[in-house]
Amino acid sequence: MNILHRFSIRRINNNCKAYNITVIFILIILLILSITLSIGIGYSKISFSSIVSFLLSNGDSSSKEYQIINYVRIPRTLTATFVGCALSVSGLILQSILNNPLASPSIVGVNSGAGLFAILIVAFFPSYLGFISIASFIGALIATFLVYFIAKRTRASKTSIVLSGVAVSSFLNAIIDTILIIKPDSAMSRTYFLIGGFSGVTVADLRLPVLFIVISVVIALGFGYDMNILSLGDETAKSLGLNVVRYRFLLIVVASLLAGSAISIAGLIGFVGLIVPHIGRFIVGYNNRILIPVCALLGSIFTLFCDLLARTLFAPFEIPVGIVMSFLGGPFFIYLLSKQKRGFIDA
Amino acid sequence: MLELKNISAGYNGVKVIDNINICFEKGTITSVIGKNGCGKTTLLKTIGNLLKPLSGNIFLDGKSIFDMPNDHIAKRISFLPQSRRVPNVSVYDLVMYGRFPYMQFFRIPKKIDKMIVEDAMERTGIIRYKDRNIQELSGGEQQKVYIAMIIAQNTDVILLDEPTTYLDINHQFEILEIIKGLKEIGKTVIMVLHDLNSAFSYSDKICLMEKGEIVIYDTPQVVFESKEVNRVFKVDCEEVYLKSKMRKQYIFSL
């Protein structure tokens with residue numbers, strides 16, 4: 001862990017462009033590596049040469065390997081990549097605009113909104129199970145808009161957003177629990193949704209959420225500098241000419257689009273959204289302009305890595321990826337906390 | 001150049017300042033003084049467009065600031081609040097934030113921005129810790145960094161809310177000297193000060209407030225002679241002549 005120590009020294013000097021570029025470059029290589037591993041490793045081994053020939057699209061499309069890559073590994077890898085990226089960027093945005101190191105996507109009500117709509121489908125419209133991801137996406141959006149609406153009436157201060165998020169979540173969770181008591185059969189599917197996972201996702205399921213994720217990440221990348229200004233506090237930001245209320249709302253919409261899209265494909269794997277931004281700050285400091293791409297890459301890598309473990313650790317059995325994340329992420333996060341220098345954990 | 005007409009302002013509909021009429025001249029330092037809760041900060045925030053007035057208008061060079069877009073005002077009026085978050089960034093980055101109103105869509109600093117930032121750091125004497133993290137600096141040094149940010153914002157009107165509070169005496173004077181330097185390059189400085197001695201020594205005009213209204217707005221000498229300070233703060237005020245510095249100083253006591 002000597003390397004982390006060196007990171008923490010460089011972090012202070014966050015004007016160092018060469019260092020930041022190196023970090024992003026290394027992360028891109030790691031991401032490519034993780035994607036390749038994620039496609040190659042699993043219950044049935046796939047050789048490197050067949051991955052290459054698949055990517056060059058000159059493989060034998062009737063072979064078993066081709067089928068596995070095309071219908072199992074590729075969708076799964078894509079899901080992990082985009083979900084990890086979306087949740088991390090979403091968490092980063094929320095932590096910096098709410099000035100709250102504990103903020104994660106669940107704080108704006110997305111989790112309970114998505115959960116409610118998923119459970120509604122499971123309990124009352126079981127024949128429409130195929131629409132569960134679209135439904136939970138809509139649920140996530142409705143919940144966030146409810147949170148904004150309440151927060152806006154209280155002039156969208158940082159605390160009122162957090163508090164109305166908590167209030168909306170607990171209300172929606174009450175509805176979920178009521179449904180579970182009336183329809184106990186739906187509990188199994190709910191457990192799966194709560195833990196989250198990447199198996200059984202098809203490329204068709206991915207299209208809409210991935211589109212939202214790509215658009216939102218691009219928007220977030222464009223607002224990195226404005227997020228820095230916002231972190232100076234409302235009064236200073238406003239006197240520098242930033243429309244604070246408008247920007248905060250816009251960024252929350254972006255954050256919930258990201259989280260809602262991710263949740264709709266992979267269920268509630270929220271932990272990554274909390275810890276990746278902290279790891280990112282540990283490496284490159286607090287400049288959101290660099291932090292956003294770093295978190296996007298780190299989130300994907302971390303999620304791919306956890307999913308890989310989830311599939312291989314107890315093969316042929318598979319543990320839900322959310323559990324692996326907490327097993328790995330929890331202790332690592334505690335390690336970071338204990339290593340923290342002054343001011344590390346303040347968003 | 002900056003004129004307030006019939007300004008009333010407050011929070012949640014409750015008036016804190018009432019029917020203020022005042023005009024600030026270019027290239028002067030004005031200190032707003034008064035007891036806690038008399039509306040000094042409210043006045044400053046209203047001028048800085050952070051608080052919408054309940055009624056009245058503010059004119060900058062004859063034009064109402066409420067007709068100007070946000071980023072336009074940010075190029076004319078800057079405001080340094082008393083309490084703010086200290087972000088985890090380098091001194092250089094923070095001073096560069098002062099250039100935000102001038103940045104184009106992609107927010108990439110131009111050569112001129114870099115030159116202005118260097119100049120602002122030079123002026124405030126913080127250039128030697130330009131790469132340090134601002135959270136590692138002392139309160140006095142942090143204050144200088146924020147003043148540098150305001151200087152980089154390069155506005156005609158500079159509003160400072162208690163710029164010297166909580167600082168040791170040396171830093172207090174350093175900050176006040178920097179502020180005096182701003183006046184010399186033609187800036188209009190309006191600040192809230194609690195230290196009456198500094199207010200009287202460094203200002204061209206004193207604006208004494210009581211219960212949301214202006215009691216007197218004039219030169220330190222006239223304000224001293226009016227004895228209004230004695231009445232509002234319930235203190236005695238004496239004038240002493242410092243031979244070594246060749247200037248007057250004011251001493252306050254119960």
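Guide: Here is a predicted model, and we'll take its helices, core and interface in turn.

Visitor: What makes up the secondary structure of chain A, in helices and strands?
Guide: Chain A has 15 helices and 0 strands.

Visitor: How many of the residues of chain A count as buried, and what makes a residue buried?
Guide: A residue needs 20 or more other C-beta atoms within 10 Å of its own. Of the 347 residues in chain A, 48% count as buried.

Visitor: What makes Val95(B) a contact of Ala148(B)?
Guide: The cut-off is 7 Å between C-beta atoms placed from the backbone. Val95(B) is in contact with Ala148(B), and so are Ala120(B), Met121(B), Thr124(B) and Ile126(B), leaving aside neighbours within four places in sequence.

Visitor: Which residues touch the most other members of the largest nonpolar core?
Guide: That core has 159 residues, and the ones touching the most other members are Ala86(A), Val89(A), Val294(A), Val95(B), Ala148(B) and Leu159(B). Helix α14 (residues 288-312) of chain A gives the largest share, 14 residues.

Visitor: Why is this core said to lie between domain 1 and domain 2 of chain B?
Guide: Because domain 1 (1-76 + 155-228) and domain 2 (88-153) of chain B both give residues to this core, it lies between them.

Visitor: How many residues of chain A are in contact with chain B?
Guide: 24 residues of chain A are in contact with 25 residues of chain B. On the chain A side, α11(A) gives the most, with 4 residues. That side divides into 6 nonpolar, 14 polar and 4 charged residues.

Note on methods. Residues are numbered from 1 along each chain as its sequence is written. Chains are lettered from A and ligands numbered from 1 in the order in which they are written. This is a predicted model: local features need pLDDT of at least 70, side-chain atom pairs count only at pLDDT 80 or more; totals for chains, interfaces and linings use all residues. Helices (H or I, at least four residues) and strands (E, at least two) are DSSP runs, numbered from the N terminus. A residue is buried if 20 or more other C-beta atoms lie within 10 Å of its own, exposed if 12 or fewer, and partly exposed in between; C-beta atoms are placed from the backbone. A nonpolar core is a set of buried Ala, Val, Leu, Ile, Met, Phe, Trp, Tyr and Cys residues joined through C-beta atoms within 7 Å. Domain bounds come from an automatic or database domain assignment. Two residues are in contact if their C-beta atoms, placed from the backbone, lie within 7 Å. Ala, Val, Leu, Ile, Met, Phe, Trp, Tyr, Cys and Pro count as nonpolar, Asp, Glu, Lys and Arg as charged, and the others, Gly among them, as polar.
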